[in-house]
Amino acid sequence: MTSAGVRGYTEHDAPADSIYNQCVRCGLCLPSCPTYLETLTETSGPRGRISLIKAVGEGELDLRSAGFVHQMSECLDCRACEAVCPSGVHYGQLVETARAQLQQAAPARSPGALMARYFGLRLLFSRLGFLRFAARLLRFYQRSGLQTLARRSGLLGALGLSKIESAAPRISERFFIPAGQHYTASASRMSVMLHAGCIMQVAFSEVHEATVEMLQRSRCNVVVPAAQGCCGAIAVHAGEIDLARELAKRNIETFEKSSADLYVVNAAGCGSALKEYGELFHDDPVWARRGHDFSAEVRDICELLWEIGIPSPTRAVIARATYQDACHLAHAQRITAQPRALLAGISGLELIDLPESSVCCGSAGIYNLTEPAMAARLQKRKIDNLLTTGADLVITANPGCAMQLRAGLKAAGSSMRVEHVVEVLNQAYA
Ligand code: SF4
Ligand code: SF4
C-alpha cells in the first residue's frame, strides 16, 4: 500500500493517487467483474469504482456519500479486475484503503453493528481462544438436535437469523489447534511452518490433516507453532488495517522464531494476505522489510507441492470432478495451473471445465452478511454453472468458497460434494 493524503481523505491509509491515476479507463476489466456481470452498471464495475475513489481524492465527491459507501461495500475485493488490467492498477489496495477511510470516518452505526464489529474482529479473530469457544457452542448446537429443532420451529426466521445460521460452517469433530506440533518426514528436504488460520482450525481440520500428510509424503517436516494467529485478511477487507498490522506482526515474529524454511498456507484468502505483509507496513520501514522478507517465504500448498514435486499417486480416485478457482488464489496470487496439474496426475479423476470458474461465488469474507442480496445472486450464478458440468465433486482451495458452495448446492437439492485440493490429493495414496 502506498500512502498519499489527498483532498477528500485523511493522511492515514489514503487511496494513492499514483494508483488510481494509472487507470486509463479502457474497460478491459469489466467482463471479469462479478458485480458488473450481474448489474451491467458502470458504477458497479472496477472502472466506475476507481472513478469514485478518484473523485473523493480530488474533492469532487464526499467520502460519506451514499453512492460511494454503497460501491465500496458492494465490491467483493475479489481482484479479478486487477488480474486482467493491462495498466497494472493495484485495485485491491484502492478498495481496501477506501474502506479504511470509511472506517476512520466512522459513519453512524447502530450499537448492534458496533458490537458485532467488536465481537467479530477484536474478539473472535484476534483471540482465537474465543473463536474456539464459540465454535464448541456452535458444534453442540449442530450436533445435539437443537439445530433441527430451531429450523423446524421457524424461530430462526422470526429472529431474522436464517441466513447467518445456514451460512455457518459445519464445525469439525476435532479441532486442529496450533500447539507447537512437529511432524517429521523421512529423508526430509526442508521444514515448513503450517498456517493454522482461524476458521480453518475449527471447521476444516481435516484439510490441515491432509496438508500435513501431503507435506510429509513430499519429504517436508512440518511445524505448527502455538504463537501464530489469524492472517488479518478479514480485518483488511473490513477496513481495519491497523488491526491487520497487529495480527501480521504476530505471524512474522512467530515465523522468524521458528526453524522453518517456508511458511505454508492452504486457504487462498489467507495466502493472499500473508503474501502482502510488506505492503501492509508501507509507512514503517522496519516492519515493511520484515514483512517483505516474511512474504517471500510464503507458499500456497498447491504452489509448493507443484514446485517440489509429489510422489506418484498409488491409488485411483474415481470421481467426475470440476475445479473452482478461488479468487484469492487465481487473481491475487495468480495460481491457476498448479492445482489443475496436481489433480490431473490422479488416475480415475475426470476433470471437467467449469464455466466462469474464476468468477467469484459471492463468499468474499463477510460479504454474505454485508451484501446478502448480491452474495445470493453470485452464489446462484456459480451453482447454475456447477450444475451444467454434471460433476459429482467440486474441488476448491479456500474455506469461504467451500462454505458458499456447500450452502448453495444444498439449497439447490444437489448431492455434489465439495472438497479441498489437498483432500483429493491425499485420497490418491493408500
Ligand atoms: S482494465 Fe485497468 S486501466 Fe482499464 S479500466 Fe480497468 S482498471 Fe482501468
Ligand atoms: S475487486 Fe472484484 S468486485 Fe471489486 S471491482 Fe474488481 S472485479 Fe469487481
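The shell around ligand 1 divides into 10 nonpolar, two polar and two charged residues (Ala, Val, Leu, Ile, Met, Phe, Trp, Tyr, Cys and Pro count as nonpolar, Asp, Glu, Lys and Arg as charged, and the others, Gly among them, as polar). This is a predicted model, in which local features need pLDDT of at least 70 and side-chain atom pairs count only at pLDDT 80 or more, while totals for chains, interfaces and linings use all residues. Residues are numbered from 1 along each chain as its sequence is written, and chains are lettered from A and ligands numbered from 1 in the order in which they are written.

Of the 14 residues around ligand 1, those that come nearest are C23, C26, C29, C85 and S87; a residue is near a molecule or strand if its C-beta atom, placed from the backbone, lies within 6 Å of it. Helix 3 gives the most to this shell, with three residues. Helices (H or I, at least four residues) and strands (E, at least two) are DSSP runs, numbered from the N terminus.

Ligand 2 is likewise surrounded by 14 residues, and C33, P46, C75, C78 and C81 are the closest. At least two residues of the shell around ligand 2 come from each of helix 2 (34–39), helix 3 (46–57) and helix 5 (80–84). By class, the shell around ligand 2 holds nine nonpolar, two polar and three charged residues.

Helix 3 also packs against helix 6 (residues 91–105), at an angle of about 50 degrees and with the axes 11 Å apart. Axes are lines fitted to C-alpha atoms, for helices over the stretch in contact, and angles run from 0 to 180 degrees between N-to-C directions. Helix 3 is therefore oblique to helix 6 (angles under 35 degrees count as roughly parallel, over 145 as roughly antiparallel, 65 to 115 as roughly perpendicular and the rest as oblique). On the helix 3 side the contact is made by P46, R49, I50 and I53, and on the helix 6 side by Y91, L94, V95 and A98; two residues are in contact if their C-beta atoms, placed from the backbone, lie within 7 Å. Seven of the residues in this contact are nonpolar, none is polar and one is charged.

Turning to the sheets, five strands form an open sheet in the order 1-3-2-4-5, with mixed pairing. Two strands pair if DSSP finds at least two bridges between them. Strand 1 (181–183) and strand 5 (298–300) are the edge strands, each pairing on one side only. Strand 2 (residues 190–194) and strand 3 (residues 220–224) run parallel and are joined by four bridges, and M190 has C220 of strand 3 as its bridge partner. Helix 13 (residues 205–217) packs on this sheet, touching strand 1, strand 2, strand 3 and strand 4 (262–265), and its direction makes about 145 degrees with that of strand 3.

A further open sheet has four strands in the order 7-6-8-9, with parallel pairing. Strand 7 (349–352) and strand 9 (417–420) stand at the edges with a single partner strand each, so one side of each lacks a neighbour in the sheet. The twist averages 35 degrees from one strand to the next. A321 has L351 of strand 7 as its bridge partner and stands opposite L393 in strand 8. Strand 8 (residues 393–396) is in turn joined to strand 9 by four bridges, and V394 has V418 as its bridge partner there.
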